[in-house]
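Biologist: I should like to learn how to read this structure. May we take its features in turn?

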Amino acid sequence: MGRIERSLADPPKDIPRDRWPMLVTFDDVSKPESVVEVDPEDLAAVFGEGVRLQAVTLEITEEEVTEGRVEGVSG
């Protein structure tokens, strides 16, 4: 059994700030070359006032991969 399979039963894990992945957005999602790096310390510059990233959490699931448009999440 591999590390990923063993991790399925593990609870979600907070990722330390120095291990966060690069965050990006696209000026035009149909053009990969329009990728723009996003500063996780200043999400408001890209997404608007009041938007900030509090944490990054990793959870391994057996859910299907989401394709197409992802609906908004409220919380």
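The dialogue below treats confidence, fold and surface.

Modeller: This is a predicted model, in which local features need pLDDT of at least 70, side-chain atom pairs count only at pLDDT 80 or more, and totals for chains, interfaces and linings use all residues. Residues are numbered from 1 along each chain as its sequence is written, and side-chain values use heavy atoms, leaving out hydrogens and water.

Biologist: In which element is confidence lowest, and in which highest?

Modeller: pLDDT is the predictor's confidence in each residue, from 0 to 100. Where it is low, the predicted coordinates should not be read in detail. Here confidence is lowest in helix α1 (residues 3–7), with a mean of 61, and highest in β3, at 94. The protein averages 84.

Biologist: How many helices and strands are there?

Modeller: Helices (H or I, at least four residues) and strands (E, at least two) are DSSP runs, numbered from the N terminus. The protein has 2 helices and 4 strands, in the order α-β-β-β-α-β.

Biologist: Is Ala9 buried or exposed?

Modeller: Buried means under 20% relative accessible area, exposed over 50%, and partly exposed in between (1.4 Å probe, protein chains only). Ala9, in the loop between α1 and β1 (13–14), counts as exposed because its relative accessibility is 73%. Its C-alpha atom lies 8.7 Å from that of Thr61, 52 residues away along the chain.

Biologist: Why does Val35 count as partly exposed?

Modeller: Val35 belongs to strand β3 (residues 35–38), and it counts as partly exposed because its relative accessibility is 41%. Of the 75 residues in the protein, 9% are buried.
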